[in-house]
Amino acid sequence: FFQYTIAGRFVDGANVNGNANGTPVGIAPLAHLAIYKVCDSFGCSDSDILAAMDAAIDDGVDILSLSLGGGSKAFYNDPIALGAYSATQRGILVSCSAANNGPFDSTLSNEAPWIMTVGASTIDRKLKATVKLGNRKEFEGESAFHPKGHSSTFFPLFDPALNATDFDSPYCGTGTLNDPDIKGKIVLCMAGGGYSRIEKGQAVKDAGGVGMIIYSSPDDGFTKFADAHVLPALYITYKDGIEILDYMNTTSKPIARLAFQGTIIGDKDAPVVAAFSSRGPSLASPGILKPDIIGPGVNILAAWPPSPDNKPTIKPNFFLASGTSMSCPHLSGVAALLKSA
């Protein structure tokens, strides 16, 4: 799906469950693409990466866009840095993702001075969803759940961390929610734990839950993710999650309701560096300021063949992706426009 961000044509009515609806287009829709496979189910080998970069150089490309990379390495031992150096000598711009190991310092990949290292930022579009508690406090999150037929009534809240018999219960891990009290309740789940956000929702749904609230880890700051959940659900910040937990722990019958407002354009705080976007300073070359630039990389509408919620009977062509792998092709497209000017 990265290539469509660089040079996709105009597509009317692209959306995910009616969210982010519009006519998206790649940054440089008239650009020609040459795509080289370097990864398989076992990973991306150094030899395949170098072979593809050599082939691209021989084919006369103007820009190399690489949404892949590893940890920090000495440049002489980094295949992408070596391949990029050869490309740069021939006037080819090399644009690479910075990696998704933020917000911690010195977590970059692709940090060579001759590479354009791209971090990720938020955009000014939100897929707004809210949770309102019984004490009338309201918290804003994001979700790509389709609200058709959803009842915005109050339901009891449930914390799977209380009396948990499985270490993964607070994360709403697959097969860990065995408490019968979950039925008919909105479940509060911790982010992470090795389970995807969609998997968490499926676990809650299988246990009889009617909704889900995922709250982030402290390191995730204000970055929120929108997903096409299998049940009414939203993603909120760690701070808001702790406030909800405090309400649950001080109320005999805590209740909440979920509401979905859909696509909102004009987030005044955007762009903000995504929490996951890798930070400098560069370990391999501390005197060079990295990353070079940030680009859109949170909840990006992207082309994708399978159903976003794994329903085999539904075949949408789009989903929402986040990562520096999404921001990198944005800047590659901008570079293509500049080169063609």
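Hi everyone. Let me begin at the interface of domain 1 and domain 2, where the rule finds 0 salt bridges (a side-chain nitrogen of Lys or Arg within 4 Å of a carboxyl oxygen of Asp or Glu). What the rule does find across that interface is 5 residue pairs in polar contact, both at pLDDT 80 or more; that is a pair of N or O atoms within 3.5 Å, one able to donate a hydrogen and the other to accept it, with residues adjacent in sequence counting only if both atoms are side-chain atoms.

A word on the model: it is predicted, with local features needing pLDDT of at least 70 and side-chain atom pairs pLDDT 80 or more, while totals for chains, interfaces and linings use all residues. Residues are numbered from 1 along each chain as its sequence is written, and side-chain values use heavy atoms, leaving out hydrogens and water.

So where are the domains? Domain 1 covers 1-123 + 271-298 + 317-340, and domain 2 covers 125-265, with bounds from an automatic or database domain assignment. Each side brings 15 residues to the contact, meaning heavy atoms within 4.5 Å. The C-alpha centres of the two domains are 32 Å apart.

Together the domains bury about 1,200 Å², 59% of it on carbon and sulfur atoms; this is accessible area (1.4 Å probe) lost on being put together, summed over both parts. On the domain 1 side, Asn 17, Asn 19 and Leu 320 supply 39% of the area buried against domain 2, more than any other three residues.

Finally, the whole structure has 2 disulfides, pairs of cysteine sulfur atoms within 2.5 Å. One of them joins Cys 39 and Cys 44, with sulfur atoms 1.9 Å apart. That link is right-handed, with 100° about the S-S bond.

Methods:
Buried area is the accessible area (1.4 Å probe) that two parts lose on being put together, summed over both.
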